[in-house]
Amino acid sequence: MAQKSESPTNGNDFLLSSGGGDSLGLPRLQGTIGPDVVDIRRLYSDLGCFTYDPGFVATASCASRLTYIDGEEGILLHRGYPIQQLAENSTFTEVAFLLLNGELPSARELSDFENALKRYSMIHDQLTRLFSGFRRDAHPMAIMVGVIGALSAFYHDSLDIDDPRHRMVASYRLIAKMPTIAAMAYKYSIGQPFMYPRNALSYAENFLHMMFGVPTEEYEVNPVLAKAIDRIFILHADHEQNASTSTVRLAGSSGANPFACIAAGIACLWGPAHGGANEAVLAMLGEIGSVENIPQFIDRAKDRDDPFRLMGFGHRVYKNYDPRAAVLRESAHAVLKELGVGNEPLLELAMELERIALNDEYFVERKLFPNVDFYSGIIFRAMGIPVSMFTVMFALARTVGWIAQWKEMIEDPDQRIGRPRQLYTGPTERDYTPIDRRS
Ligand code: SDX
């Protein structure tokens, strides 16, 4: 990749003509890699018009140093490190440190960071009572939105977003407490007692202990499953300005506290077009049922009049294989083999669906490849994690990216409250008609 300057710099301007004789030179800003951007901040004041980009397909909302995606090449870098190398060699807490601080930690820095997270991994005991207000069959994502938002009612000493120490403590608290609260949501749904975190365990081991351990006996963590969970968390950690990360940034731009911002990100991630897709993939595979039924579902996915889409396929940015899906595909085989379910019918169905879809003109033409959600659900299900917890797993891991992006936004001198404009297509001005004169 051609390296450019470290920060956005003005290159040659773009020239915009309004068609009515006016024209405007707009600065070209260049990053270190990836597409240049047109700086349109003077567009309305100078030409009196807005840009129009529903869904922000071609709009950069910020400058960021955290993550870079090349959708055509299937490249994903976190602070410059390829996701494949991080998934192979790193750990989730090390990647969290990297995203928060910009560099890989020394052994001492990593040990201090992990110990700090352990100290924050318990929750205020009174918060446990909040769970009893939910129905036992509440979707765990509903509980996560509620409980994470409620953290701001308990931790008043880390709400001042202008205080760097408050920002750091709030970041550590959120990263540390997400596994504890996620496991509590699961335990509550099955009527088992909450499990306290154990400081002797790693981040991923602790999560499995809190999810599947019981107070009556020692829980033996399976190292293969712990490694797989840690790798899945790494793969879900951050992903540029996706819908939920943009939600966190927009909420944070108003000065809302970080707990409220992460709760907003959880709410957005829940949608089936986003993080809810991993749960939807399992539902879809269940609906397809057998390899023989695949062609009819492929036909439905291609039918514009049918709302059915192949869940786990397609991506706004990746027009090549999602590099995370490639790593997860490998992990899926390893985990299922370790659990002695290597010929799990669901995995076989998923592999056959992938094979057929990747050879179908419609999917090839539109570059619809499997994304991160296609394989994660199969691994989670094999581990005994209920389908309703799949998006909670995604939210748990993405909290690292959300909070790192939130911190970068707060510390960005260019940052202002987010307030998009619109193309108005409603009625022009008209007078009120009293009800007795309306037809
Ligand atoms: C995540 O942004 C991120 O980075 C997200 C994420 C992250 O880490 O944060 O990567 C995580 O959200 C992954 C995506 C998970 N969602 C799904 O798997 C749901 C199924 N996928 C689709 O809903 C869709 O592909 C999206 C939402 C992912 C992307 O939507 P876009 O970019 O708006 O794509 P589009 O709707 O413009 O589709 C272009 C064409 C359309 O057909 P035409 O109008 O050209 O005829 O492709 C078709 C779409 O109908 N299409 C699909 C399809 N996805 C797109 N057709 C069938 N099945 C699909 N899955």
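A residue is called buried when its relative accessible area is under 20%, exposed when that area is over 50%, and partly exposed in between (1.4 Å probe, protein chains only). Helices (H or I) are DSSP runs of at least four residues, numbered from the N terminus.

The model is predicted, and local features need pLDDT of at least 70, while side-chain atom pairs count only at pLDDT 80 or more. Residues are numbered from 1 along each chain, and side-chain values use heavy atoms, without hydrogens or water.

**Helix α3.** Helix α3 spans residues 92-101, and nine of its 10 residues are buried, so the helix is largely enclosed by the rest of the structure. Among these buried residues are Phe92, Glu94, Phe97 and Leu100. Gly102 follows α3 and has a positive phi, near 95 degrees.

Leu353 touches several residues beyond four places away in sequence, including Met284, Leu310 and Phe374; contact means heavy atoms within 4.5 Å.

**Ligand site.** The ligand is surrounded by 24 residues, and the closest are His239, Leu310, His315, Arg324 and Arg398; a residue counts when one of its heavy atoms lies within 4 Å. The table gives polar contacts, which are pairs of N or O atoms within 3.5 Å.

| Side chain | Distance to a ligand oxygen atom |
|---|---|
| Arg309 | 3.0 Å |
| His315 | 2.6 Å |
| Arg316 | 2.8 Å |

Taken alone, the ligand exposes 1,100 Å², of which the protein buries 78%; accessible areas come from the Shrake-Rupley method with a 1.4 Å probe.

Note on methods. Polar contact = N/O pair within 3.5 Å; in protein donor to acceptor, adjacent residues only side chain to side chain. Helix = DSSP H or I, 4+ residues; strand = E, 2+ residues; numbered from the N terminus.
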